[in-house]
Amino acid sequence: MFSPCSRHVFFSTQLRRLQSTLVVAEHNNEALSAATQNTLSAAKKIGGEVSVLVAGTKCGPAAEAIAKANGVSKVLVAESEVFKGFTAETLTPLILATQNQFKFTHILAPATAFGKAILPRVAAKLDVSPITDIIGVKDANTFIRTIYAGNAVLTLEAKDAIKVITVRSTAFPPEPLEGGSAAVDKAPAGDYKSDLVQFVSQELAKSDRPELTSAKNIISGGRGLKSGDNFKLLYDLADKLNAAVGASRAAVDAGFVANDLQIGQTGKIVAPDLYIAVGISGAIQHLAGMKDSKTIVAINKDPEAPIFQVSDYGLVADLFKAVPELTGKL
Ligand SMILES: Cc1cc2nc3c(=O)[nH]c(=O)nc-3n(C[C@H](O)[C@H](O)[C@H](O)COP(=O)(O)OP(=O)(O)OC[C@H]3O[C@@H](n4cnc5c(N)ncnc54)[C@H](O)[C@@H]3O)c2cc1C
């Protein structure tokens, strides 16, 4: 009946239809994290139907927000006190129950502390290999990720029936929360309480500055700053540029700043429009976290510092002179 060509079209359409992705939303009940919007964009790139799971205590506003995103067909909501603190121990059985009911081919979450805690557990329970921190989607089975602290790029073809994936948010544009009107349903009910953990409390660092992972401009300081007090130089400059302030691990380890400011392989991955590295040598572990920034500026007194190899603009100067001068001119 079918010509070879029409049979191919028939099969590929059917495959696309059978493919379905679940995005596990990161949110604070009120609002979605920006990383969820980036993850949604990766899910759309995979193709097929996209559903989103929103689990929390009173997470109606977050669910309503994601239901407005174009390309989301269904939002599954699970509201319970057991999800307080968004612990992996309570969310994992919920995701497994949801998977059991809907048989998704892909399960995605952002490669943030949230997603990194949950999805490896989900993968282990489903007996599949987790695919972590992807930076690209070639097709529904083929993904791109970095290895060796970002020094090599790997394309992998996943053979598991269910692909469990964390997504590097800086590698995908944020999906706008408009243009759609997905159905909002209840996620499968169940007893998701865990005897292993109990959420006690959470202390969040409060800042009026932009959040590091979504900031358009970042000023980052390293060991060259010499003390925590000297970071004031960077905060003054950041105020002028509406920038977030980050740091190298050496600056964090020396106690100059808190570790949530750390950028790099074992810190946060950022890709702002402008990254100004001040008194940072440019070790590969630091570059792994910032080298995708659009414009990199380095201020360092050592002309041989490796940071100059990745920077678009380099200033060989004493930071204690150059930074106040720069701030004064802005
Ligand atoms: C497994 C592993 C994971 C790691 N993860 C990370 C990570 O996530 N993030 C990270 O940053 N590092 C990480 N590191 C550490 C990394 O290897 C480097 O040690 C660290 O990045 C160095 O930080 P730094 O550039 O601030 O310090 P240094 O390497 O000491 O550089 C300081 C720079 O300041 C310059 N300087 C000094 N005084 C002045 C001045 N007055 N004016 C201008 N410039 C000046 C110096 O010329 C020098 O280039 C990791 C290491 C390992 C082994």
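Mentor: **The ligand site**

Happy to! A nitrogen atom of the ligand lies 2.6 Å from an N or O atom in the side chain of Thr-266. That is a polar contact, meaning a pair of N or O atoms within 3.5 Å; within protein, one must be able to donate a hydrogen and the other to accept it, and residues adjacent in sequence count only if both atoms are side-chain atoms. With Leu-319 it is a backbone N or O atom that lies 2.8 Å from a ligand nitrogen. Taken alone, the ligand exposes 980 Å², and the protein buries 77% of that (Shrake-Rupley method, 1.4 Å probe).

Before going on, please keep in mind that this is a predicted model: local features need pLDDT of at least 70, side-chain atom pairs count only at pLDDT 80 or more, and totals for chains, interfaces and linings use all residues. Residues are numbered from 1 along each chain as its sequence is written, and side-chain values use heavy atoms, with hydrogens and water left out.

Now the surroundings. There are 26 residues around the ligand (a heavy atom within 4 Å), and Arg-223, Ser-248, Thr-266, Ser-281 and Asn-300 come nearest. By type, this shell holds seven nonpolar, 13 polar and six charged residues, with Gly counted as polar and Asp, Glu, Lys and Arg as charged. Two or more shell residues come from each of α7 (249-253), α8 (284-290) and α10 (319-329); helices here are DSSP runs of H or I with at least four residues.

The ligand sits in the second largest pocket, as more than half of its atoms lie within 2 Å of the pocket's grid points. A pocket is an open set of points on a 1 Å grid over the protein atoms alone, with protein on both sides within 12 Å along at least five of seven lines.

Terms used: On a 1 Å grid over the protein atoms alone, a cavity is a set of points where a 1.4 Å probe fits but cannot get out, and a pocket is an open set with protein on both sides within 12 Å along at least five of seven lines; lining residues have an atom within 4 Å of a point.
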